[in-house]
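Subject: Structure for your files

Hello,

Please find the sequence and the structure below. My notes on the sheet and the pockets follow.

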Amino acid sequence: MRDFILHENRWWWGRSYTFIANDGKAMIELAIDETDGKDYFGTIQSLLVHESARHRGRANALLFQAEQYARQLGLEQVVLCCRKGTWLVGWYERRGYKIYDDNPEYSKGQTVVMQKIFKDM
């Protein structure tokens, strides 16, 4: 039995997959933009863990699940945005993400774009 519920969403721009912990206290969303006809990367839109459920490995488990699902879909990489100067940058780096763009035009210097390339594809 899985520890999460998977919900697929269809949008005008593509699709997204939301993994929700069975107790509803954690979730992650993986989005795939299909507007250019190429499905080679996914975007982690959000990763949320309720305060009462933190420090139990739930974010790790959901991130791993989303990455595995991206691989199953044949994606080559996953990208995400992260606020500059926070502990999250290091957290994602320890999980194999690297800074791809440290000053994206749209963020006014507030975020970094990070990516994880799946090398075994």
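The second largest pocket has a lining of five nonpolar, one polar and two charged residues (Ala, Val, Leu, Ile, Met, Phe, Trp, Tyr, Cys and Pro count as nonpolar, Asp, Glu, Lys and Arg as charged, and the others, Gly among them, as polar). These are D3, F4, A21, R58, A61, L62, F64 and Q65, and helix 1 gives the most, with five residues. The volume of this pocket is about 180 Å³.

On terms: a pocket is an open set of points on a 1 Å grid over the protein atoms alone, where a 1.4 Å probe fits, with protein on both sides within 12 Å along at least five of seven lines; lining residues have an atom within 4 Å of a point. Points are joined across faces, edges and corners, and a volume is the space filled by probe spheres set on them. Helices (H or I, at least four residues) and strands (E, at least two) are DSSP runs, numbered from the N terminus.

The model is predicted: local features need pLDDT of at least 70, side-chain atom pairs count only at pLDDT 80 or more, and totals for chains, interfaces and linings use all residues. Residues are numbered from 1 along each chain as its sequence is written, and side-chain values use heavy atoms, with hydrogens and water left out.

The largest pocket has a volume of about 520 Å³. Of its 22 lining residues, L47, V49, A59, W87 and L88 are the closest to its centre. Strand 4 (41-49) supplies the largest share of this lining, six residues; helix 1 (58-72), strand 5 (77-83) and helix 2 (87-93) each supply at least two. By class, the lining of the largest pocket has 13 nonpolar, five polar and four charged residues.

Seven strands form an open, mixed sheet in the order 1-2-3-4-5-7-6, where two strands pair if DSSP finds at least two bridges between them. Strand 1 (4-11) and strand 6 (98-101) are the edge strands, each pairing on one side only.

Strand 1 and strand 2 are antiparallel, joined by eight bridges, and form a hairpin with two residues between them. Across this pair, R10 stands opposite R15. Strand 2 also pairs with strand 3 in the antiparallel sense, over seven bridges, with T18 and E29 as bridge partners.

Regards
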